[in-house]
Amino acid sequence: MKKHVVLLAAAVLALSALAAFAATDALVGACIYKFDDTFMTGVRNAMKTQMDKEGGELEIVDSQNRQPTQNDQVDAYISKGANALIVNPVDRTAAQPLMEKAKAEGLPIVFVNREPYEEVMKAYDKIWYVGAKAEESGTQSGQIIVDYFKKNPKADKNGDGKIQYIMIRGEQGHQDATLRTEYSLKAIKDGGFEVVELGNDTANWDKVQATDKMKGFISAVGVDNIEAVLANNDDMALGAIEALKAEGYNMGDPAKYVPVVGVDATAPALEAMSKGELLGTVLNDADNQGFAAVKVAVVAADDKPVTEESIGYKITDGKYIWIPYRPVTVENYKEFMK
Ligand code: GAL
Ligand code: CA
């Protein structure tokens, strides 16, 4: 017994020595466009988890949805000697000055979730982007609607062979909003359905705004005439569902149901799927986006080459780490519950 304890203690010592040897002492400074965002909170938590493994220091600040605030935060990280930056820009079209600040210092900079323009990505050798192909999520969410209408011909409530839909978009100018909107509709058309738009507006990724917008659509067109709701993310899908529930819809009566799809596969969305309120979503893999961003930042901060071997993720064109989306349906949603 005693011998076992001694052996165990020796093993623990040896392991921690090894960990100390492998650990980085890099300071990584991260800015998140705003903390009050469900999906980005998942990414943020994954970043912390990964840095705990790496052994370096990660600071994360809330840019409070203001680009000037974020610019100041980047300056502050530079003056305190950060070894790498991770930036989730407030405005992806304003990434250039941030890249230039990093470039002036030779600091690695990893953008996440909001993709800078290509010319910005090309203008520096220590810049990377970790994100997901928005087209993919659009296609997958549209496909969930197609499958539902093929399985449930009565979902075409007015029997005109077309799908009368409401689109609730994310933030204007965000690649995920533009491409999810476009590709979800394309998937429905490619799936053999004509579509008729009953309403289309932005709710800025926000649940409360989506409830308001959806209430407006319901009073304008009548809840019975809506055959599908496509939301660019889960918070907005859940917001739309609140408005439907206020009309007695999506509460278990099959005669009062509108299929709603979102994107992200957040915990509340999976919960809503388990209750039959939300038809489906698409996994936007917050964990792997957060892990990969920290991996790249640490490897680059330690002045090691960023390669597929050193970060453990596939790299496209030397700078892009694309994390795949996955459709989440009633058949597989339990797999994604934590
Ligand atoms: C999207 C995500 C949204 C929101 C947005 C923030 O990828 O689906 O829920 O988090 O990023 O930029
Ligand atoms: Ca119809």
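Predicted model: local features only at pLDDT ≥ 70, side-chain atom pairs only at ≥ 80, totals over all residues.
Trainee: What makes up the chain, in terms of helices and strands?

Mentor: The chain holds 12 helices and 12 strands. Its C-alpha trace spans about 70 × 60 × 30 Å along the principal axes. Of the 338 residues, 51% are buried. Among contacts between residues at least 6 apart in sequence, 71% join residues at least 24 apart.

Trainee: Which domains is the chain divided into, and how many residues are in contact between them?

Mentor: Domain 1 comprises 26-132 + 285-324, and domain 2 comprises 135-283. Their C-alpha centres lie 32 Å apart. At the contact, 12 residues of domain 1 meet 11 residues of domain 2.

Trainee: Why is Cys31 called buried?

Mentor: Cys31 has a relative accessible area of 1%. Buried means under 20%, so Cys31 is classed as buried. This residue is placed in strand S1, residues 27-32.

Trainee: Which residues does Cys31 touch, not counting residues up to four places away in sequence?

Mentor: Cys31 touches Val61, Ser63, Gln70, Gln73, Val74, Tyr77, Ile86, Val87 and Asn88. Asp190, by contrast, is 159 residues from Cys31 in sequence and 39 Å from it in space, C-alpha to C-alpha.

Trainee: Why is Glu119 called exposed?

Mentor: The relative accessibility of Glu119 is 54%. The term exposed applies over 50%, and Glu119 therefore qualifies. Glu119 is found in helix H5, residues 118-122. Between Glu119 and Gln96 there are 23 residues of sequence separation and 8.8 Å in space, C-alpha to C-alpha.

Trainee: Why does Lys215 count as partly exposed?

Mentor: Lys215 has 45% relative accessibility. Buried means under 20% and exposed over 50%; the value for Lys215 lies in between, so the residue is partly exposed. Lys215 is located in helix H8, residues 207-221. Leaving aside residues up to four places away in sequence, Lys215 touches Ala243 and Ala246. Lys215 and Asn232 are 17 residues apart in sequence and 17 Å apart in space, C-alpha to C-alpha.

Trainee: What makes the phi of Trp205 worth noting?

Mentor: Trp205 has a positive phi of about 70° although it is not a glycine. The residue lies in the loop between strand S7 (194-202) and H8. With a relative accessible area of 8%, Trp205 falls under the 20% cut-off and is therefore buried.

Trainee: What is the phi of Asp303, and is Asp303 buried or exposed?

Mentor: Asp303 is not a glycine, yet its phi is positive, at about 65°. Its place is in the loop between helix H11 (286-301) and helix H12 (308-311). The relative accessible area of Asp303 is 64%, which is over 50%, so Asp303 is exposed.

Trainee: How do you know that the atoms around the calcium ion (ligand 2) are donors?

Mentor: For Ca, donors are N, O and S atoms within 3.2 Å of the metal. The coordinating atoms of the calcium ion (ligand 2) lie at 2.2 to 2.5 Å, so they meet that limit. They belong to Asp156 (OD), Asn158 (OD1), Asp160 (OD), Lys162 (O), Gln164 (OE1), Glu227 (OE) and Glu227 (OE). Along the chain, the donors follow the spacing D-x1-N-x1-D-x1-K-x1-Q-x62-E.

Trainee: Why are Asn158 and Asp160 called partly exposed?

Mentor: The relative accessible area of Asn158 is 48%, and Asp160 has 33% relative accessibility. Partly exposed covers values between buried, under 20%, and exposed, over 50%, so the term applies to Asn158 and Asp160.

Trainee: What describes the packing of H6 and H7?

Mentor: Two packed helices are described by the angle between their axes and the distance between the axes. Here the axes of helix H6 (residues 134-151) and helix H7 (residues 175-190) come within 7 Å and cross at roughly 35°. The crossing of H6 and H7 is right-handed.

Trainee: Which residues of H6 and H7 meet, and how do they divide into nonpolar, polar and charged?

Mentor: Among those in H6 are Ala134, Glu135, Ile145 and Val146, and the H7 side includes Gln175, Leu179, Arg180 and Tyr183. The residues of this contact divide into 7 nonpolar, 8 polar and 3 charged. Glu and Arg count as charged, so Glu135 and Arg180 belong to the charged group.

Note on methods. Residues numbered from 1 in each chain as written. Chains lettered and ligands numbered in written order. Heavy atoms only, no water. Axes fitted to C-alpha atoms, helices over the stretch in contact; angles between N-to-C directions. Helix = DSSP H or I, 4+ residues; strand = E, 2+ residues; numbered from the N terminus. Left-handed = near helix turned anticlockwise from the far one by under 90°. Contact = heavy atoms within 4.5 Å. Donors = N, O, S within 2.8 Å, 3.2 Å for Na, K, Ca; no water. Buried < 20%, exposed > 50% of the residue type's maximum accessible area, 1.4 Å probe, protein only. Domains from an automatic or database assignment.
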